[in-house]
Amino acid sequence: MLRWLSGAQINPGWPATLGPLHTQAGAVTLRPVRMRDAKAWSTLRIRNQNTLMPWEPTGIGSWAERHQPSAWPPLYSVLRSEAKRGTVLPFVIELDGVYIGQLTIGNVQRGAVRSAWIGYWIDATHVGQGIATAAVALGVDHCFGQVGLHRLDATVQPANVASQAVLTKVGFRREGLLERYMDVNKRWRDHILFALTVEEVTGSAAATLVRAGRASFD
């Protein structure tokens, strides 16, 4: 299910609310980021420093400084601006209506390529419950549906087995190793490149999870 939140817009895929897709933990929904997400975003990011920092790009200043509530408004403004331009689709992952993470579609390219990358994170207390997998499936179906993309990429460090499992369950395949691909936690790290094209999805990514017993539509 997809509900449009506004009328005419440059980006055909944002703002939108996607889902719900039901997991053993509850109903998973994607909705647009909001200015009032500052406190929830800050609380989750600071609480999950130890589980998120090993996988995320190196930033300027300490983790706590970069994730204070006051850091959210400028970040939100950039995300909203890029979303209006059609280059980014920034979503909050909600479980039963509660903010527990984010999913972002970035570097959206049109024309002959029609591709983007997908990234995501969730609160560590909810890892292993199928929530991230459901969120990625909703994002994939949105991109291959309303947004009109043909290909999605995702890059994951070799040690991040949990994230690789999420992508594999949705249908992504490994394409190769990107050596010294990204500056993460103050070191250039190798990343595995995963990819998925619209031809590889039977019905929908959400339906794939439902057929496997990993989720349900109600």
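**Close-ups of a predicted model**

**View 1. Leu-209 is a buried residue.** Leu-209 counts as buried at 2% relative accessibility, where buried means under 20% relative accessible area with a 1.4 Å probe, protein chains only. Leu-209 sits in helix α7, residues 205-211. Leaving out neighbours within four places in sequence, its contacts (heavy atoms within 4.5 Å) include Leu-21, Thr-133, Ala-137 and Lys-169. Gly-171 is 38 residues away along the chain, with 9.5 Å between its C-alpha atom and that of Leu-209.

This is a predicted model, so local features need pLDDT of at least 70 and side-chain atom pairs pLDDT 80 or more, while totals for chains, interfaces and linings use all residues. Residues are numbered from 1 along each chain, and side-chain values use heavy atoms, leaving out hydrogens and water.

**View 2. Helix α5 packs on helix α6.** Here α5 (residues 131-144) and α6 (residues 161-170) pack at about 50 degrees, their axes 9 Å apart. On the α5 side you'll find Ala-132, Thr-133, Val-136, Ala-137 and Val-140, which meet Val-166, Lys-169 and Val-170 of α6. Sort the residues of this contact and you get six nonpolar, one polar and one charged.

**View 3. Glu-94 pairs up with Arg-31.** Glu-94 belongs to strand β4, residues 89-95, and is buried, with a relative accessible area of 13%.

Methods. Axes fitted to C-alpha atoms, helices over the stretch in contact; angles between N-to-C directions. Helix = DSSP H or I, 4+ residues; strand = E, 2+ residues; numbered from the N terminus. Nonpolar A, V, L, I, M, F, W, Y, C, P; charged D, E, K, R; others polar. Buried < 20%, exposed > 50% of the residue type's maximum accessible area, 1.4 Å probe, protein only. Polar contact = N/O pair within 3.5 Å; in protein donor to acceptor, adjacent residues only side chain to side chain.
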